[in-house]
Structures are given as structure tokens and as C-alpha cells.
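Me: Could you walk me through this structure? I'd like to look at it one question at a time.

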Amino acid sequence: MSELKTKAPAIEVTNLSRWFSGVHAVRDISFTITPGQVVGFVGANGAGKTTTMRILATLDYPNRGTAKICGYDVVGYPSEVRHRIGWMPDHFGTYKNMTVLEYLDFFARALGYSGDERVERVQEVMDFTDLTTLCDRLIDQLSKGMGQRLCLGRALIHDPDVLILDEPAAGLDPKARVELKHLIRILASEGKTVFISSHILSELEEMCDTLLFINQGQIIHHGSSESLRESKEGQTVIAVSVAGDPEKLEEWTELNPGVRFKEATKTGARILVDSAEPDEVAAILKRMIKDDIAVTDFHREEVKLEDAFIEILGNLEAEGTAIVS
Amino acid sequence: MPDDQPAPTKELADFPGKLSPMLVKELRQGLRTNMFVIAFILLQMFMVFCLMIGALSPSANDTGAFFWFFVFFTLLVVQPIRGFAALSSEYQLNTMDLLQLTRLDAWRITLGKWTALNAQTLLLVIGILPYLVMRYFLGGVNFVNDMVGLAMLGLASALASAITVGASGYRSLILRIVLLVGCGFGLMIFITFVMAKFRRQWIGSPEDLATIVLIILAAIYGIFFFLSIGASRIAPAAENHSFRKRLWAIIASAACLLFCFFGIEEMAYIFSGSILALASIDAFCEPLPLAKPVARKFSKNTFTRLCGLVLIPGWHTGIRYFFLVSVVWTVAVQWLEGDLGRIRTDPFHAETVMSVALVAMVGLPLILIQLFFPKRRETEMHFAVYMFIQACLAIMTMFISFAMEVTRNFNEYVYLAVPLPSVILIGGASGHDIRGFYSFVAVFTIAFFSIALPWWKSRDQIRELKQAMRNPEALPEDTMTA
């Protein structure tokens, strides 16, 4: 049985649905995450991220479908699941009048650790999250970044196999974000599965192996960031700067086939060329100069993940279907 | 970290590992709060002040009043109030989810919070002890009497903090205030009664000793009951706290009735009736959600399914529980009153009328809820509506009692106030003649309708419950069953 569980996916969600008095928060979603992966869970506010994560953390229950952690059903075996997950909610979840050390000690006690084992676990977690020097500081006096490290430490106290982190980087300054990313990469290298949500794509792109996009309670993409960009293959985004009136550029794109105006910038615009061939891109530049557009800068831009995501959403609206790659 | 420095985790030895995690956490936090520190310092200052006045004044009674006032205020007001947000703060701080993922269940969380509060009260009491001893040496003080008084005050403080901690399980501030005011009022009556009874000395006769034991037992049950209320409010639907609450109420009530054999019948009836009244109020104000694990436990055979109709959480089973305990308690009181063994056949006897009046008083708001606020039955506000109606009825009763005493004409007011069984109770307790056909019919009719109406209105829910007990797997799951 235990062998079976070790071979099981870290997270396995099948046809999961959850609704609250008329509101369908999660609609029939399915996905699988293998052990050791870092998976980003992306979606707008209200897309169903937190609901899904709360179900996985045994804090809510599905109306339909199943969710398993390391082979254990979250409904049938909540205790087994709780031993295997570390849950970090999108809010701090800390106490007043309590030091960092006492906070971690409380959760170690509450999770059943005693004696030397408890002291060792607390020390290990403080070392990992670099909180040892702050151990006597009251939690109220911690910065947001330190507080988030403390919450991560709390989630790690019982050395879980799977970490479910709901918006851990929200509100953090750049330095704290970098530190958090670093910690998550270390955890991944230790073989832990990390399921992490955010609505900021760039943040997840750097630390996640795969991305899972959710929109209005439905999974619309599951794959790597590269696979998401592939859906835009055959197109080139070009940033063009011009001397003079940038509006001229918009008028020019309307008159030229194969070129589309994407968005205005301060000095020009970003345009979309329906080809990735260098010759054809060069021909566009030639045509601009020939038509008296005073081009001061013309360079190819890498496709942004946000653009790819928005395009998927646009396609979905048009087709009414979900993409799972 | 340099090797010569001790690891910070060495500091974690301040509390033994075997202590409840919740107790340790609450003590660490509680001892740092300004309220505890200020209360401790002020109490010490007042004690020194009282002692100085005692040394200068020839009459010890002057300082005694001061002394007890400060102790009373600290133990019965300051300390219990600190528990007012004990459980609700876990929701406010968004830590309840985190606690549910640990091995702590709702009962351990609630008990830990209450124990920590009382451990701090104990620290305050220990701080007072030297002054008690010094007062003895200054003279005019019965040391044993003072110690028993302090112990009883400590018990009252424990009960008061159980009330506040239990009430803090309600997330609604209004509900918490309603519960606190209602129970605080009841506790004050109880303390006034105890103080009036034992004004001169605590243990003067075997009956006094029996009364004190009964009071201690009732207070311990009260602590359990209020903490259970708090625990049941924060527990997931899959935990059945009603079973334990309802069953212990019957056991505690029966234990109180045993004190009839020690010559304190009246006290025994009051305490056993009050215990069942509290348990019934909690039972018939409970929300309905039924979880699969709860239904599964009662689905084994016909007997367990019958028990389920009385012990499964929800107001629909609560009304059946109320009916059952009302009948058994009334019969038991009749049996004990009727020379122990011969059930009294005269229904118009004062004890009979009063016992039925108690049932009617507890049940009367249910008639109004069923008639005017049926939608509130399904919500947490059911309890608030009940308490509000009961408070209105209590105010009306007070006015009528006042008029009764002023005009010294009981019967006319009783007939005017037939819908108020509490008037009959007050009348009976004040020595008025409440025997007779009309009094009995009045209270019996109200008691009958207060049970019959909700019983009738809950028939759909009971049908669904029976179905759920026959096939619990058809119910939606609740995950919080660890």
C-alpha cells in the first residue's frame, strides 16, 4: 500500500467541482502533478485558485470529483493528507504577543513533536528560513518579507512532501521576492512538490517547471511557459519608435496587410507581424522607411507570457473551449 | 551562529513538552498582555492599600469590604472579560485554518484557552494569599472562612471565564454580547444567592456541606457546558458535540437530583432543572447541517437510529430532546416529592405546577419563533432571537412581579399574565398560592404548544434525517474529520 502511495502523483485532481449558493467557483477541473515539480497556478482574482487549493488542503470539500495528495483522497483520508501537506494561505496567519521562536514551537507542539525532536525541527526550520537571528523578535515587529518566511517555516515544520502556497509573494518587496524564490528552488531541489499560486505571471515563470492556468473555474492551459508561447508561433512582435507623431504608425499599420497594431508606446508602438521569417520582418522595415515613417528604433520583442495568456483567453471567448496541452 | 552561543531553541524549555500546546501558547501570549500585567500590579497595590488601612483602622470590617471588592472585581470581571474574543480572534487573525491542520481538535483548542486564562487567575490568587495571611495576623478575620470564600470565588471566576470563552465561539459580536449579558445576569443571580445563603459562614451544618458540594458539581458541569458550546461552534460539522453535551446534561441533572437525599430538595430541583434547561436551549437552537460521519455513527441499527433522533446535532432533534428530558425530569420531581416511590397523582400541587412552569418558560419563545421568525431557525441567529424573546419576557415578568408585590394581589396578575409561566414560577418562589386547576392548565398548555409546534414544523427535516441515517453515504462529505 505504502509503495503504491510513493509511486502516486503528488497531486491528482479529477473532475473537481465546487459551488457555493449559486456561484460555481471550480468547474470540473482535472490535472496531475508529479513529485518534485514546481507548478505555478495562475489566474485572475476570483478564478478559483484559492478554492482549489483549500480543497487540496482539506479545508473545504468538493461537491463533485476527487482530489488526491500522494495517493490519499482529501475527503476520505484527511489526516493522511494533512501529514503530507504544508499549507500557506494568502494571509499572514500569525499571533500577537508572540516571538518567532514561540510561534514555530507552538505549531511543532500542535503537530505532535515533543522533546529533542521538537527543538531540532524548530531549529532546522529557523536555519532554513534564516530566522535564527530574529527568533526573539515579536511577530508584530516583523517586516512582510520576514513574516512570509516565518509562514513558510511554519508550513515546513512537519517536513511535508507537498507544499501548497497561496499567493506567497503578494505584497512583498523585490528583495523579499528574490529570497522567497530562492527558498522555493531549494525546496524543489530537495524533491518537494510545490504548488504555488499567483496572478503575476512573470513571478512564476522563473521558478516553475510548469504552469496551470485557471479562468472562471476552468483549467485553460497546463504545460510549460515555452508551450504557452508556442501557441503564438508564426508571429513576431516588434517594438517601433518613431520621430514625430506616433499616431502615424497606427494609420500605417491599417493600410498595410500582414501587420497589425498591438499597442501604443510613448515613442511609437508595438506591432504584430504575421510571420517569424527574418526576411519578411526586414521587408516591413523597408516598407516603413519607404513610406516616410521616421523610424528611430526597430527591434524584435520576445513574446510576453501575459500576452500569450490574454490571447488564450481571447481564443476561448471566441471558441468556448478549454486547452490542455 | 558562533559555536559558543547557546542555540535559541534552548529557550523552549520554559514549559514542559507534555503540556497542551494551546495552553503553552496562550500562557506565553497572555502573560505578556497589558491587561494581565496591569491587573496584577493594580491588585497588589490595592492589597497593600487595604493592609495599611487595616493596620490603622480598629474595625476589620471596613477593610474587608474593600479587600473583597477588588478581589471580586479582578476575578469575576477583569479575568473573564479577557476570554471574550478567545475563539473569535482565531478567525479574525485567520489562524483557525492553520489550527485545523494540526492535531488539535475543537475541544482541545477551547479547553487550552480556558485553562490558560484560569492559570493566570491562579497567579493573581497566589499573589493575594500573603495579604490574606497578613490580614489574619492583624486580627478580626476568620482565615478558614476567607480561604473557602476565595476558593468559591475562584470557582465562580472559572465558570465566568468558561462563559466568555464559550461565547467567543460565536463570530457575531451581537450574539456574543447577548450570550454574555444573559449568562452574566444568571451568574450574578447565582452568586448573590450563594452569598446570601452563606453570609455568616460557609459550613455550618451537613446541609450546608451538601449545598456546597452541589454548587461545586453544578459549576463544574457549567464549565464543561459552556466550553462545549464554544467547541461546537468552531468544530467542523463532522464532529458531533451535541451527543456529549446532551448526554452529560442528563447525567449531571440526575446527579443533582440525588442531593434530595441530603435534605436540600429545593436546591437539587433548581440545579437539575437549570442544567436541563441550558442543555435544551442549546439543543433546540442548533443549526441543521448534518455530515456523513455523524449520520454514519447512528445508522447501525434501529436503536442507534432512535438515539440519533435525540442526539444528532440540530434544532429538529433538539426539540425531541427537550420533550424527553422535560417529561423525565417532571416525573422524577413528582416521584421524589411523592414520598420517594409513590408518584403524586394530584397535578395541581405547587411542585407540579412549578416544574411544568419551568418547562413552559424555557419553551415559550419557541412558539413565537415558529410563528414569527421561522427562517431564523436555520441560522446562527436562532439563538440570538431566542435570547432576545426570553429577555423581553423576563423584563415583563419583572414588571408584573413588582406590581404583584406592591398590590399584594397575586391571583389577578396570574390570570392576566397567563402567557408568562415565569410569573407563576416567581409567584411560587415568593410563597404565593399557585396550586389549582387554572395555574396548571395555563402552564401545561404553554409547555404543550412550545413542544408540539416546533415538533410539527420539523417533520420534513426529521424525515430527511431518518433517510440520511438509513443511507448516510448519500450525504455530501465533510473533510474536517481528523
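Here come a few questions and answers about this predicted model.

Me: In what order do the strands of the open sheet in chain A sit?
Reply: This open sheet is built from 4 strands of chain A. Their pairing is antiparallel. Going across, the order is S12-S13-S11-S14.

Me: Which strands stand at the edges of that sheet, and why is one side of each left without a neighbour?
Reply: Look at how many partners a strand has. An edge strand here has a single partner strand, so one side of it is left without a neighbour in the sheet. In chain A, that goes for S12 (259-264) and S14 (295-301).

Me: How many bridges pair S11 with S13 in chain A?
Reply: S11 covers residues 236-242 and S13 covers residues 268-273. As one example of who faces whom, A:Ile238 stands opposite A:Ile271 in S13(A). The two strands pair in the antiparallel sense, and the number of bridges is 6.

Me: Which helix packs on the sheet?
Reply: Check what touches S11, S12, S13 and S14 of chain A. The helix in question spans residues 278-290, and its direction makes about 160° with that of S14(A). That's helix H11 of chain A.

Me: Which helix gives the most to the side of chain A that touches chain B?
Reply: The contact takes 35 residues from chain A and 31 residues from chain B. On the chain A side, H3 (78-84), H4 (100-110) and H5 (115-128) each supply at least two residues. With 7 residues, the one giving the most is H4(A).

Notes: Residues numbered from 1 in each chain as written. Chains lettered and ligands numbered in written order. Predicted model: local features only at pLDDT ≥ 70, side-chain atom pairs only at ≥ 80, totals over all residues. Pairing = 2+ DSSP bridges. Contact = placed C-beta atoms within 7 Å. Axes fitted to C-alpha atoms, helices over the stretch in contact; angles between N-to-C directions.
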